[in-house]
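Please keep the sequence and the 3D view at hand while reading.

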Amino acid sequence: MARDRVILAYSGGLDTSVMVPWIGEKYNLDVVTFTCDLGQGEDIEKIKQKALKTGAVDAVALDARNLFVDLFVWPALMAGALYEGKYPLATALGRPLIAKLMVDVAREKGAKAVAHGCTGKGNDQVRFDCTFQTLAPDLQIIAPVREWKWTRDEEIKYAAKNNIQVEAKAESPYSVDQNIFGRSVEAGLLEDPWDEPPEEAYQWTNAAAKCPNDPEYIEIEFEHGRPIGLNGTKMDAVPLLEKLNQIGGKHGVGRIDHVENRLVGIKSREVYEAPAAVILHEAHRELESLCLSRQAMRFKTLVSQEYADLIYNGLWFSAFHQDLFQFVLSNQRFVKGIARVKLLKGRAAVVGRKSEYSLYSKKLATYETGDMFDHDAAKGFIRLHGLSQQTQAQRQLLKDGRGFDLPGLLSSDDKK
Ligand code: ARG
């Protein structure tokens, strides 16, 4: 009798390769692997072949780069979503898409279960499981690494017994995840937050000492808050990100050293490399400084934080996200123009910005001739602006000829 099927998120690494026979034995299921290209720089066809050699009954490989950028990366950028103000969320953005595509494959192949290689300590298991549970509550979720209590040696033994090839080169001491929006590195020598990350932890970016001595200027064009061109040429999303990763990496831009608060309650030290993400967030925010009103910018900071949290916490497929996204979409409708960015030795600094919707008015701002600002109006404005504070001081703070105490700074003894 034919066995039921499981769709396994398959990277081609040791863990997920060992899972193919293991799930077959332990759960009596036929394994169909799923691998997608999110711009991690690996050959998914080769990975698919490895899956079949490892005993998968079927293997699906999909190029999801455009979906990823258009539907996940750009909304996060438009929202200004940086987790704890630092992490551009590359890994966190990839998970809900992979899980959604796995659900589609499960339906197509009539599978009864889905499986992934996440540990029981990280955020990624939350993102996968929450997405599965939201989109397809009927599917059983299998997470072998959460179950098996193997040491590395035991795992390698099991691999050998099942004819799974183990890479000859020594495994990286780090746990790495990457896609087109960034590279996440944890564990190994990074676990002491006092220690500077070793140079070898970085693969996409030059150390400042190895960067070119001359700055490079680039111009990024945005429309509706989305990047659409580089240095005067319109570009599609994927090549644009690839190009920015390459130029930014050359100038050492995009290294992030972050002690972050995981959803599961622990602090974790992680290093990120995200040249394109860092450049784009900077450029985007600076363009917004021209195109958004003061209130819109203030309010947007709250939205950015909520947006980052919901991405980080695996709640992409929520009504709250839909609501926030509608705000972002509307909020970005005038974010159109160009930011000029100077790249030099690890830094991406926006040194110029312009927009046809700019709210900046030189006639109002200038200290030179041509000033149109109404200086007389300022006087009356200030009288009313300060009125309530003045009233309160008279009635409460300056009573009985007392001076104005700066709360907490001077004790009454000091005043004698
Ligand atoms: N800490 C990041 C996050 O939760 C990245 C985790 C990625 N995994 C890794 N093996 N480095 O989004």
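In this predicted model, Ile338 stands opposite Lys354, a residue of strand 14. The pairing to which these strands belong is antiparallel and runs over seven bridges, with strand 13 covering residues 337–344 and strand 14 covering residues 347–354. Together strand 13 and strand 14 make a hairpin that leaves two residues between them, and Lys345, which lies in the turn, has a positive phi of about 45°.

| Domain | Residues |
|---|---|
| Domain 1 | 5–161 |
| Domain 2 | 175–292 + 334–360 |
| Domain 3 | 368–396 |

Between domain 1 and domain 2, the C-alpha centres lie 26 Å apart, and the contact takes 30 residues from domain 1 and 34 residues from domain 2. The area buried between these two domains is about 2,700 Å², and carbon and sulfur atoms give 65% of that area. On the domain 1 side, the residues that lose the most area to domain 2 are Trp74, Leu77 and Met78, which together account for 24% of what that side buries.

In soluble globular proteins, nonpolar side chains tend to be buried together. Here the largest nonpolar core has 80 residues, of which Leu89, Ile220 and Ile311 touch the most other members. Helix 4, spanning residues 90–109, gives the most to this core, with eleven residues, and at least three residues of the core come from each of domain 1 and domain 2. Leaving out residues up to four places away in sequence, Ile311 touches Ala76, Ala81, Leu89, Ala92, Leu93, Arg127 and Trp316. A second, separate core holds 23 residues, including Tyr10, Leu14, Ala113 and Val145.

Arg269 has its place in strand 12, which covers residues 267–273. Is Arg269 buried or exposed? With a relative accessible area of 8%, which is under the 20% limit, Arg269 counts as buried. The side chain of Arg269 reaches the backbone oxygen of Asp195 at 2.7 Å, and a polar contact of 2.7 Å also joins the side chain of Arg269 to that of Asp257. When neighbours within four places in sequence are left aside, the residues in contact with Arg269 include Glu186, Leu190, Asp192, Pro193, Glu196, Pro197, His258 and Val259, besides Asp195 and Asp257.

Technical notes
Residues are numbered from 1 along each chain as its sequence is written. This is a predicted model: local features need pLDDT of at least 70, side-chain atom pairs count only at pLDDT 80 or more; totals for chains, interfaces and linings use all residues. Side-chain values use heavy atoms; hydrogens and water are left out. Helices (H or I, at least four residues) and strands (E, at least two) are DSSP runs, numbered from the N terminus. Buried means under 20% relative accessible area, exposed over 50%, partly exposed in between (1.4 Å probe, protein chains only). A polar contact is a pair of N or O atoms within 3.5 Å; within protein, one must be able to donate a hydrogen and the other to accept it, and residues adjacent in sequence count only if both atoms are side-chain atoms. Contact means heavy atoms within 4.5 Å. Two strands pair if DSSP finds at least two bridges between them. A nonpolar core is a set of buried Ala, Val, Leu, Ile, Met, Phe, Trp, Tyr and Cys residues joined through side-chain atoms within 4.5 Å. Domain bounds come from an automatic or database domain assignment. Buried area is the accessible area (1.4 Å probe) that two parts lose on being put together, summed over both.
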